[in-house]
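Me: Can you walk me through this structure? I'll ask as I go.
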Amino acid sequence: MSGHDLHSAELFLPHEPPIRMIDGLDHADRELFASHVTVPADSPYVVGGVLCPEMLLEVMAQCFAAGMGHLAALEGREASGAGYLAAVSEFRTGPAARAGDRLEAECRVEAVVGRVWVAAARVTRDGAPMAEGRFKIYIP
């Protein structure tokens, strides 16, 4: 399947605000998912104008989930959004993300073993790294 650059794709996520941590899906193919979010000032995860750094992992996971949901819909399968974060490794954060920042997330699929997907992910702001890590997602 070739890549799909998206300008306004439906987000197949079970998450609703305030836990929804992406605003849009920008690209989805079997190897790479990309999304973006503008950090809302009124988020309960923004304290003193700064996004809790753990939420950058959620930004990455939701990027993956939205990409998988979009691919499922394109292939005529149910885009349920069901998946479980099974493991996280090498998670590192950099500079603080602040309310109003536009963050870009990207998840690169490294392997698929049965129902477990392995991905390397990162979050950037204006091209500068904000967080990175690897995770495994179990998709029932």
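Me: Before that, what kind of model is it, and which residues count?
Reply: This is a predicted model, in which local features need pLDDT of at least 70 and side-chain atom pairs count only at pLDDT 80 or more, while totals for chains, interfaces and linings use all residues. Numbering runs from 1 along each chain as its sequence is written, and side-chain values use heavy atoms, with hydrogens and water left out.

Me: OK. How many residues does helix 1 have, and how far does it reach?
Reply: Helix 1 covers residues 55-74, which is 20 residues, and spans 29 Å from first to last C-alpha, close to the 28 Å expected at 1.5 Å a residue. The expected span is 1.5 Å times one less than the number of residues. Helices (H or I, at least four residues) and strands (E, at least two) are DSSP runs, numbered from the N terminus.

Me: Is helix 1 mostly covered or mostly open?
Reply: Mostly covered: 17 of its 20 residues are buried. Buried means under 20% relative accessible area, exposed over 50%, and partly exposed in between, with a 1.4 Å probe and protein chains only.

Me: Which residues touch the most other members in the largest nonpolar core?
Reply: That core has 36 residues, and those touching the most other members are Phe33, Leu51, Leu56, Phe64, Leu103, Val123 and Phe135. Helix 1 gives the largest share, 11 residues. A nonpolar core here is a set of buried Ala, Val, Leu, Ile, Met, Phe, Trp, Tyr and Cys residues joined through side-chain atoms within 4.5 Å.

Me: What does leucine 51 touch?
Reply: Not counting residues up to four places away in sequence, leucine 51 touches Met21, Val39, Tyr45, Val46, Leu56, Ala97 and Leu103. Contact means heavy atoms within 4.5 Å.

Me: Switching to polar groups. Where is histidine 36, and which side chain does it pair with?
Reply: Histidine 36 is in strand 3 (residues 32-38), and its side chain makes a polar contact of 2.9 Å with that of aspartate 26. For a polar contact, a pair of N or O atoms must be within 3.5 Å; within protein, one must be able to donate a hydrogen and the other to accept it, and residues adjacent in sequence count only if both atoms are side-chain atoms.

Me: Is histidine 36 buried or exposed?
Reply: Histidine 36 is buried, because its relative accessible area is 16%.

Me: And threonine 124, buried or exposed?
Reply: Also buried, at 8% relative accessible area. Threonine 124 sits in strand 8 (residues 116-125) and touches Arg102, Leu103, Glu104, Pro129 and Met130, leaving out residues up to four places away in sequence.

Me: Backbone next. Which bond is cis?
Reply: The peptide bond between proline 17 and proline 18 is cis, with omega about 10°. Proline 18 is in the loop between strand 1 (4-5) and strand 2 (24-28).

Me: What about the phi of glutamate 90 and of aspartate 126?
Reply: Glutamate 90, not a glycine, has a positive phi of about 55°; aspartate 126, also a residue other than glycine, has a positive phi near 50°. Most residues other than glycine have a negative phi. Glutamate 90 belongs to strand 6 (residues 84-93) and is partly exposed at 44% relative accessibility. Aspartate 126 is exposed at 74%.
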